[in-house]
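Please read the report below alongside the sequence and the coordinates.

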Amino acid sequence: MPSLRTYKRITVKIGSALLVDRSTGLKREWLASMADDIATLAERGADVLVVSSGAIALGRTILGLGKRALKLEESQAAAAVGQIALSSAWAEELGRKGMKSGQILVTLGDTEERRRYLNARATISTLLKMKAVPVINENDTVATTEIRYGDNDRLAARMATMMGADLLVLLSDIDGLYTAPPAHDPNARFIPVVDRITPDIEAMAGAAASELSRGGMRTKLDAGKIATAAGTAMIITAGTRLSPLMAIERGERATYFRPSGNPVKGYKTWIAGQLEPAGRLTVDAGAVGALLSGKSLLPAGVKLVSGNFSRGDTVAILAPEGREIARGLVAYDAADAVRIAGLKTAEIETVLGYEARSAMVHRDDLVVSHADAVVVRKGRTC
């Protein structure tokens, strides 16, 4: 596993159970050791971004809400109380090491909508230039089930790729990836290195390990697909020990996910990292071949249109057997896409009544994926 010294921009995701004790609240000693680690990395010249869970967990402890399931409004109230305490604690511990910090609260739309994505990136870039550590969390005070990430693993991956981080570290209550959930299978084998996240690797994922966690290994692998496709390496390791980043340096157990050798960059990083496509286009075998050779998706190759999307939305493109092979920005609203699916280019104008684009999804707005990798292909439009 490469040393952390080799990385210039590191995003660290911290789970709720690492920061918050259900009975006593914030784990101050652990947080202080994490601040020490961040300061060490900064002294070496690395930028560090922190994606910190814990607002709801800390807020419910402060408010005395116990372990019972919370209503949406109670979770939002707990987040409001917990976020103040959490950001203050980060500022205090980083300040103890002579470092500044800035709080960034985001919702799903801040990374899924292009303009807001660019605005968030500009703000965080400015904080990094000013040598302040961005402390990022989902804005749980306003997010609802329909408009939330649902876990900070994928949020951290989106932040890492958005900011061009070359490493994403997911600190959890498990020390890496196993062939099966080790808590349930004593024969589960540890996997130290993952070259590519294949369907076989995904099948090893289990569920969340504690009631404070929203994510499990499955969301970590989802994060890994987002990160590695953009050229960002990823490490999953236990954060339960003190100074967990320096524990990686000492060679303690962790799983390393290699970045793609053919990464998606820039504008296409945003397309590839979209968490929830607005719709889906199922295509025939001929269109699959055309996409893999770098061509645009024409209406003639589309067999089924699903979803209520608008022109410019991100859609998933599926092979005949249902496997996702690409994502891209669609050139038509859903209603028109349904009308022209399967038609040759010369027939489109007659059906729609106006001269329209020849491609359903143009290759310039398209990221092609394989079962075990994501690549950007260049070629001419078919």
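The sections below describe strands, helix contacts and selected residues in turn.

## Basis of the description

The model is predicted, so that local features are given only at pLDDT of at least 70 and side-chain atom pairs only at pLDDT 80 or more, while totals for chains, interfaces and linings use all residues. Residues are numbered from 1 along each chain as its sequence is written, and side-chain values rest on heavy atoms, with hydrogens and water left out.

Helices (H or I, at least four residues) and strands (E, at least two) are DSSP runs numbered from the N terminus. Two strands are said to pair if DSSP finds at least two bridges between them. A residue is called buried under 20% relative accessible area, exposed over 50% and partly exposed in between, with a 1.4 Å probe and protein chains only.

## The eight-stranded sheet

An open sheet of 8 strands runs in the order β5-β6-β4-β1-β7-β11-β12-β10, and its pairing is mixed. The edges are formed by β5 (100-106) and β10 (193-194), each of which has a single partner strand, so one side of each is left without a neighbour in the sheet.

Strand β1 (residues 9-14) is mostly covered, with 5 of its 6 residues buried. It pairs in the parallel sense with β4 (residues 47-52) over 6 bridges, and it is joined to β7 by 5 bridges, again running parallel.

Strand β15 (residues 314-318) pairs with β16 in the antiparallel sense over 5 bridges, and Thr 314 stands opposite Leu 329 in β16. The hairpin of these two strands has 5 residues between them, and Gly 322 takes a positive phi near 100 degrees there.

Of the 6 residues of strand β16 (residues 324-329), 5 are buried, so the strand is largely enclosed by the rest of the structure. β16 also pairs with β17 (residues 366-369), in the antiparallel sense and over 3 bridges, where Val 368 in β17 is the bridge partner of Ala 326.

## Helix contacts

For the helix pairs, axes are lines fitted to C-alpha atoms over the stretch in contact, and angles run from 0 to 180 degrees between N-to-C directions. Angles under 35 degrees count as roughly parallel, over 145 as roughly antiparallel, 65 to 115 as roughly perpendicular and the rest as oblique. The axes of α3 (residues 55-63) and α4 (residues 72-96) come within 6 Å and cross at roughly 95 degrees, which makes α3 roughly perpendicular to α4. By class, their contact has 11 nonpolar, 4 polar and 1 charged residues, where Ala, Val, Leu, Ile, Met, Phe, Trp, Tyr, Cys and Pro count as nonpolar, Asp, Glu, Lys and Arg as charged, and the others, Gly among them, as polar.

The axes of α6 (residues 114-129) and α7 (residues 152-162) come within 10 Å and cross at roughly 75 degrees, and these helices are therefore roughly perpendicular to each other. Tyr 117, Ala 120, Arg 121 and Ile 124 in α6 meet Arg 158, Met 159 and Met 162 in α7, with contact meaning heavy atoms within 4.5 Å. This contact has 5 nonpolar, no polar and 2 charged residues.

## Helix α9 and single residues

In helix α9 (residues 217-229), 10 of the 13 residues are buried, so the helix is largely enclosed by the rest of the structure; Lys 220 and Ile 226 are among them. Gly 231, which follows α9, has a positive phi near 90 degrees.

Arg 158, found in helix α7, counts as buried at 0% relative accessibility. Beyond residues up to four places away in sequence, Arg 158 touches several others, including Glu 112, Tyr 117, Ile 226 and Trp 270. Ser 172 in strand β7 (residues 167-172) counts as buried at 8% relative accessibility, and its contacts outside four places in sequence include Leu 18, Lys 220 and Thr 237. Asp 151 lies in the loop between β6 (132-138) and α7 and counts as buried at 4% relative accessibility.
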